[in-house]
Amino acid sequence: MNPIFEKVKKSYDYIRTVTDFTPDVALVLGSGLGEFAKHMEVECEIPYCDIEGFPVSTVAGHDGRFLFGKVEGVKTVIMKGRVHYYEGYPVTDVVLPTRLMIMLGAKKLILTNAAGAVNTDYKPGDLMLITDHISTIVPSPLIGENIEEFGTRFPDMSNVYSQRLLDVARNSAKEIGITLREGVYMQFSGPAYETPAEVKLARTLGADAVGMSTAIEAIAANHMGAEICGISCFTNMAAGILDKPLNHKEVSEAANKVSHIFEGLVKNIIKSM
Ligand code: HPA
């Protein structure tokens with residue numbers, strides 16, 4: 001068996017010793033957005049550290065557990081805390097939790113993150129629907145022998161972020177009266193924030209947002225045929241736009257400040273998915 005597949009399967013087998021919960025929706029909560037979990041009627045909780053060989057977050061402010069339960073009556077698994085490539089795990093470990101949630105049954109996936117605004121029309125506190133991404137400068141999680149159980153060798157990436165879910169998200173935002181930006185998310189490896197020159201590069205390439213997490217997860221999930229919705233929460237203007245250095249504490253605090261709008265939107269999306 002492919003060792004990467006085997007590792008996901010082993011994690012799956014462990015989870016199945018604890019719960020037979022089959023989620024319809026998987027939700028990944030980004031930095032500072034973990035409070036959303038209070039909207040779930042939790043049926044079962046599994047800390048990542050209980051799963052042998054599972055990547056565990058090393059970052060302050062990143063919890064690490066799966067929560068299984070209902071959000072707005074919809075069977076959901078929440079990843080409260082994720083691991084990032086910059087933590088030193090192989091990219092296949094970084095996407096392992098995403099693959100696992102899909103293997104557990106979730107066919108729809110909501111990826112959320114904190115991001116820096118590259119588009120100068122956008123501002124901290126805005127939420128952005130991810131319409132597409134640029135992942136070219138981080139390694140692909142699909143490199144290596146193809147895992148046929150997950151998907152095809154050369155997966156199409158023309159519609160990573162489902163048109164249907166884009167509409168669901170747009171309508172959900174309209175219903176609750178919030179402005180939802182739209183744009184392209186570009187992933188950098190981190191952990192350093194980008195330089196102003198890199199932010200200019202991102203803008204030149206067509207990016208509206210920069211972050212350190214979501215595109216590789218979306219690639220792995222798209223490979224498996226999941227329907228994906230991505231939401232960025234702008235915590236700061238990307239480097240070099242304002243005359244102000246970036247720091248992680250302020251980024252996390254900024255995410256907390258918009259959490260009520262974020263939570264309203266995500267709840268409404270889950271209800272309408
Ligand atoms: N760059 C990369 N990742 C981020 C940023 C940023 O400016 N803000 C929050 N996450």
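**Entry 1: a loop with a cis bond.** I located Pro191 in the loop between β7 (180-187) and α5 (196-205); helices (H or I, at least four residues) and strands (E, at least two) are DSSP runs, numbered from the N terminus. The peptide bond that leads from Gly190 to Pro191 is cis, with omega near 0 degrees.

**Entry 2: the model.** I noted that this is a predicted model, in which local features need pLDDT of at least 70 and side-chain atom pairs count only at pLDDT 80 or more, while totals for chains, interfaces and linings use all residues. Residues are numbered from 1 along each chain as its sequence is written, and side-chain values use heavy atoms, with hydrogens and water left out.

**Entry 3: Glu72.** I found Glu72 in the loop between β3 (65-71) and β4 (74-80). Its phi is near 55 degrees, a positive value in a residue other than glycine.

Entry 4: Which residues did I find around the ligand? They include Ala114, Tyr193, Glu194, Thr235 and Asn236. An N or O atom in the side chain of Asn236 is 2.7 Å from a nitrogen atom of the ligand. For the side chain of Thr235, I recorded 3.5 Å between an N or O atom and a ligand nitrogen. A backbone N or O atom of Ala114 lies 3.3 Å from a nitrogen atom of the ligand.

**Entry 5: the shell.** I noted that β5 (108-117), β8 (209-211) and β9 (227-237) each give two or more residues to the shell around the ligand. The most come from β5, with three residues.

Key:
A residue is near a molecule or strand if one of its heavy atoms lies within 4 Å of it. A polar contact is a pair of N or O atoms within 3.5 Å; within protein, one must be able to donate a hydrogen and the other to accept it, and residues adjacent in sequence count only if both atoms are side-chain atoms.
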